[in-house]
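Morning, everyone. I'd like to take a few minutes on aromatic rings. Please have a look at the model on the screen.

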Amino acid sequence: MASAIRKILYTTDLSENSAYVFRYALNSAEFHDAEIHILYVLKYFFPLPYGLFAVTGREEEKPVILDQIRKRLDDFVQRELGGDAARLKRVAAIEVVEGEPVLEILRKADKMQADVLVMGTHGKGLVAETFLGSVAAEVLRHSRIPVFIIPIPRI
């Protein structure tokens, strides 16, 4: 018999189709009467785009960037849930952390005793995945709980 799902960890990079994946997490939360914890991991000190933010690596910018991401996540949840109080109660926490995405996702899942993880993948293809890897593939490989990987639809 499968374990009850009470805590869902939804990870996001705030990319274009994050709402699509969030809807899967929300649907699961409603079906199982579970709560959702939202996690964004900022891989800092690299001049690469993450979601909507280009990270420059300057230490003094970190608090501002973390606050901006948190505000975007709050706005994202409000927009997706349309102020529906019952649905808003499903979101137990929104957290922005700095670190290596795979490690931080797995650490958060363990710490909160998540029952499942819900995350998206950009589906760059087998060759890219084999040689470059991806956060979703690494989380799936190392997770001790079920991981629902939602492919991002092609637009």
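This is a predicted model: local features need pLDDT of at least 70, side-chain atom pairs count only at pLDDT 80 or more; totals for chains, interfaces and linings use all residues.

How many aromatic pairs does the structure hold? Three.

Start with Tyr20 and Tyr24. Their pair is edge-to-face. The ring centres are 5.6 Å apart, with 65 degrees between the planes. Where do these two sit? Both are in helix α1, which covers residues 18-32. They are four residues apart, so about one helical turn separates them.

Buried or partly exposed: which is Tyr20? Partly exposed, at a relative accessible area of 31%. Tyr24 is partly exposed too, at 40%.

Next, Phe22 and Phe76. Here the centres are 5.3 Å apart and the planes stand at 65 degrees. That angle is over the 60-degree cut-off, so this pair is edge-to-face.

What does the pair tie together? Phe22 is in helix α1, whereas Phe76 is in helix α2, residues 62-81. So the contact links parts of the chain that are 54 residues apart in sequence.

Now burial. Phe22 has a relative accessible area of 1%, so it counts as buried. Phe76 comes out at 4%, and is buried as well. The cut-off for buried is under 20%.

One more residue belongs in this picture.

To recap: Tyr20 and Tyr24 pair within helix α1, while Phe22 and Phe76 pair between helices α1 and α2. Over to you for discussion.

Notes:
Residues are numbered from 1 along each chain as its sequence is written. Side-chain values use heavy atoms; hydrogens and water are left out. Rings of Phe, Tyr and Trp (its six-membered ring) pair if their centres lie within 6.5 Å; planes under 30 degrees apart count as stacked, over 60 as edge-to-face and the rest as tilted. Helices (H or I, at least four residues) and strands (E, at least two) are DSSP runs, numbered from the N terminus. Buried means under 20% relative accessible area, exposed over 50%, partly exposed in between (1.4 Å probe, protein chains only).
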